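This report walks through selected features of the structure shown below.

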Amino acid sequence: MCGRYSLRNSKSVKDKHLLNIDVSYNIAPSHQVLTLTTEPTFMKWSYNPTWAKSPMNLINARSETLNVKPSFKMAKRCLIIADGWFEWRRTNNSNQPYFFHMNDNLLNFAGIYTEYNGEKGCAIITKEATTHLSEVHHRMPVIIADDDADSWLSGEDVFDSKLSENIHYYPVSTIVNSPRNNNIDCIKQISTAI
């Protein structure tokens with residue numbers, strides 16, 4: 001599950017997408033997030049099937065059930081722009097957060113979206129974590145290479161980017177547990193994990 005991520009590299013976003021953004025070290029569900037469809041746009045990180053009688057507020061969708069579950073049948077494709085994400089490792093009845101990144105490089109998370117009650121909302125597609133990342137968590141976002149972006153957006157299932165092999169991680173402070181904390185301390189490496 002991917003429940004938090006970052007988008008800190010405003011210069012790369014400006015260079016690549018011609019947008020000025022506010023730097024964020026701790027993006028949480030229900031925040032407005034930068035996505036790409038046919039053009040850059042902001043959506044709420046909260047996906048709801050168009051037929052839902054009450055909001056489901058999904059933040060992740062499993063790649064394995066993307067083409068099976070009724071909740072995702074009417075979904076459109078998007079990319080969710082990030083430069084890192086957080087996962088929590090459970091040990092000794094505690095949760096230690098880790099920050100996953102590819103240095104300062106932008107990442108394209110595979111995403112889906114719908115419009116629900118007049119508002120566009122999205123979810124991040126996840127898959128089984130690669131071996132070296134599964135030590136922390138068994139799931140990870142599907143990362144789409146720039147060369148595969150058009151294929152994903154046009155409906156092709158692209159779940160196995162080699163970019164996953166370039167992801168690094170380290171433990172960070174539990175201040176990231178609160179979405180109110182949104183500063184560089186959220187991604188600072190701490191010396192020891194639990």
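Strand 3 (residues 32–36) is mostly covered, with 4 of its 5 residues buried. Buried means under 20% relative accessible area, exposed over 50%, and partly exposed in between (1.4 Å probe, protein chains only). Strands (E, at least two residues) and helices (H or I, at least four) are DSSP runs, numbered from the N terminus.

This is a predicted model: local features need pLDDT of at least 70, side-chain atom pairs count only at pLDDT 80 or more, and totals for chains, interfaces and linings use all residues. Residues are numbered from 1 along each chain as its sequence is written, and side-chain values use heavy atoms, leaving out hydrogens and water.

Strand 3 pairs with strand 4 (residues 40–44) in the antiparallel sense, over 5 bridges. Pairing requires at least two DSSP bridges between two strands. Leu 36 has Pro 40 of strand 4 as its bridge partner. The two strands form a hairpin, with 3 residues between them. Strand 3 also pairs with strand 6 (residues 76–82), antiparallel, over 2 bridges. There, Thr 35 stands opposite Ile 80.

## Nonpolar cores

The largest nonpolar core has 47 residues. Such a core is a set of buried Ala, Val, Leu, Ile, Met, Phe, Trp, Tyr and Cys residues joined through side-chain atoms within 4.5 Å. Tyr 5, Trp 85, Phe 109 and Ile 125 have the most contacts inside the largest core. Elements giving it two or more residues include strand 3, strand 6 and helix 2 (149–153). Another core, of 8 residues, lies apart from it; Phe 86 and Tyr 170 are among its members.

## Salt bridges

The structure holds 9 salt bridges. Each is a side-chain nitrogen of Lys or Arg within 4 Å of a carboxyl oxygen of Asp or Glu. Arg 8, Asp 83 and Asp 104 are linked in a network. Asp 83 meets Arg 8 at 3.1 Å, N to O; the two are 75 residues apart. Arg 8 meets Asp 104 at 3.4 Å, and this pair is 96 residues apart. Asp 83 is buried at 0%, and Arg 8 is buried at 15%. Asp 104 is partly exposed at 47%.

## Asn 108

Asn 108 is found in strand 9 (residues 107–116). It is buried, at 6% relative accessibility. Its side chain makes a polar contact with the side chain of Asp 146 at 2.8 Å. A polar contact is a pair of N or O atoms within 3.5 Å; within protein, one must be able to donate a hydrogen and the other to accept it, and residues adjacent in sequence count only if both atoms are side-chain atoms.
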